[in-house]
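Thanks for coming, everyone. Please look at the sequence and the structure on the screen, and then I'll walk you through a few features.

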Amino acid sequence: MKDLTPAKDTLDPIEIASRDEIAALQLDRLKWSLNHAYQNVPHYKAAFDAAGIHPDDLTALSDLSKFPFTTKQDLRANYPFGMFAVPRTDVKRIHASSGTTGQPTVVGYTENDLKNWGNVVARSLRAAGLQPGDLLHNAYGYGLFTGGLGIHLGADALGLTTIPISGGMTPRQVRLIEDFKPKGITVTPSYALSVLDEFNEQGLDPRASSLEVGIFGAEPWTNAMRTEIEQAFDMHAVDIYGLSEVIGPGVSMECVETKDGLHIWEDHFFPEIIDPNTGQPVEDGEMGELVFTSLTKEAFPIIRYRTRDLTRLLPGTARSMRRMEKVTGRSDDMIILRGVNVFPTQIEECLMATPGLAPHFQIELTKPDRMDQMRVLCEATNGGDSTDAARALASRIKQTIGISVKVDVSDPGSIERSQGKAVRIVDKR
Ligand code: DLL
């Protein structure tokens, strides 16, 4: 793999500024953002008043913990445009979550917001090793989902040539990678595996492709998966994180030179980690739920938003800004199996460590006799001995996670393929 480390003089100065400089900027911006939300969004005024707190009470960054949280429920209650802080006519773009688990969450952007979003995504793409003039194959979905258009905005801001292929039509994805020879690919890790299968199906060698870096996010994935993808394509694999409510992709990004967690673009998004049960902030380094406050957003300011994503904060390395560890999972995706907490990423790690199994999997939950049961559905690699592999995976899960599961290994191609975010859990209870 080529060294793709970006030259220091191409970074935004704030990426490598001193912590004091970053904190001073955050404090100024935080005061602005709290006031902006309070004055222009009835929900925030009511919530701050009810908590007996006013934006002027914030004199230090640590005062933020006195302000109330915002939850997905609050956004739903204000559907569709109730959380907007500017007149609708100043909103230049709207995105929305798919709403598969309820009413969709609607977010909006002013012209300035789009510019800032483009800049943080450009920063992220540069951190992955892309430079102006490079060719990018953007396979995140275009539409109301923020992935496709969010990455596109950043690619434009960085000066890349973008192939806006979106998700799906996998044979065509492979064909265009072969014909156009992009340097980078932006795609969910699970869909990257579908693209990989297609390479093999067509008898093409993915390692011989032009791809030098893949920028993977929108769903949890493990370091074991990173190794698998890097080896399969002979390219770097880096992690990009974000969520619609905070801006979209580009909230944090892993640097290609260190691959040690994701630097949060702290000049725009202020992170906290809280204990999900008590709501109390925990120290940097401790695991908990990630909470974000926007510092510059005009159309849709968001104050102390509970992401439900579990991770921890770490000091900066390749950049001055703090890192978040790879997300373990969402608290919603945590399975409690006979008292043991399990995340799909833990199953992924065990699967990737078991020879003879392909990286595709689903977890099926049933309750045959008032006891929860988990079945891991996976596939044999071509020519693998599936009985041995099944036994090996079940035993690895028992040893490392401490739960007994059934493992069903089926023929290659039998697990439903993702075209975007993978569905990991099928709950039949
Ligand atoms: O998935 C934004 C995005 C698009 C990020 C493309 C990266 C690349 P939403 O659809 O609002 O936005 O979903 C946000 O997806 O709260 C996490 O649970 C999960 N997620 C996003 N990125 C990662 C990641 C986009 N790198 C939700 N690792 C978030 C783990 C991620 N989970």
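One definition before we start: buried means under 20% relative accessible area, exposed means over 50%, and partly exposed lies in between, with a 1.4 Å probe and protein chains only. Now the ground rules. This is a predicted model, where local features need pLDDT of at least 70, side-chain atom pairs count only at pLDDT 80 or more, and totals for chains, interfaces and linings use all residues. Residues are numbered from 1 along each chain as its sequence is written, and side-chain values use heavy atoms, with hydrogens and water left out.

Let's begin with charge. A salt bridge here is a side-chain nitrogen of Lys or Arg within 4 Å of a carboxyl oxygen of Asp or Glu. The structure holds 37 of them.

Take Asp 372 and Lys 367. Their side chains meet in a salt bridge, at 3.9 Å from N to O. Is Lys 367 buried or partly exposed? Lys 367 counts as partly exposed, because its relative accessibility is 46%. Asp 372 counts as buried, at 14%.

Next, Glu 15 and Arg 123. They form a salt bridge, again 3.9 Å from N to O. Glu 15 lies in the segment before α1 (19-40) and Arg 123 in helix α4, so the pair ties together parts 108 residues apart in sequence. Helices (H or I, at least four residues) and strands (E, at least two) are DSSP runs, numbered from the N terminus. Both Glu 15 and Arg 123 are buried. They also belong to a network of salt bridges, which links Asp 12, Glu 15, Arg 123, Arg 126, Glu 257, Asp 267 and Arg 319.

One further pair: Arg 424 and Glu 348 meet in a salt bridge of 3.9 Å, N to O. Arg 424 sits in the loop between β20 (406-410) and β21 (425-427), while Glu 348 is in helix α9 (residues 344-352), 76 residues apart. Arg 424 is buried, with a relative accessible area of 16%. Glu 348 is buried too, at 2%.

On to the interior. A nonpolar core is a set of buried Ala, Val, Leu, Ile, Met, Phe, Trp, Tyr and Cys residues joined through side-chain atoms within 4.5 Å. The largest has 74 residues, and Leu 125, Ile 215, Tyr 241 and Phe 292 have the most contacts inside it. Helix α4 (residues 111-127) gives the most to this core, with 7 residues. Another core lies apart, with 25 residues, among them Leu 193 and Trp 221.

Now the strands. Two strands pair if DSSP finds at least two bridges between them. Strands β11 (residues 288-294) and β12 (residues 305-311) are joined by 4 bridges. Gly 288 stands opposite Thr 311 in β12.

Last, cysteines. How many disulfides are there? With a disulfide taken as a pair of cysteine sulfur atoms within 2.5 Å, the count is 0. The sulfur of Cys 350 is 11 Å from its closest cysteine sulfur, in Cys 378, and that is too far for a bond. Cys 350 is buried, at 5%, and Cys 378 is buried as well, at 0%.
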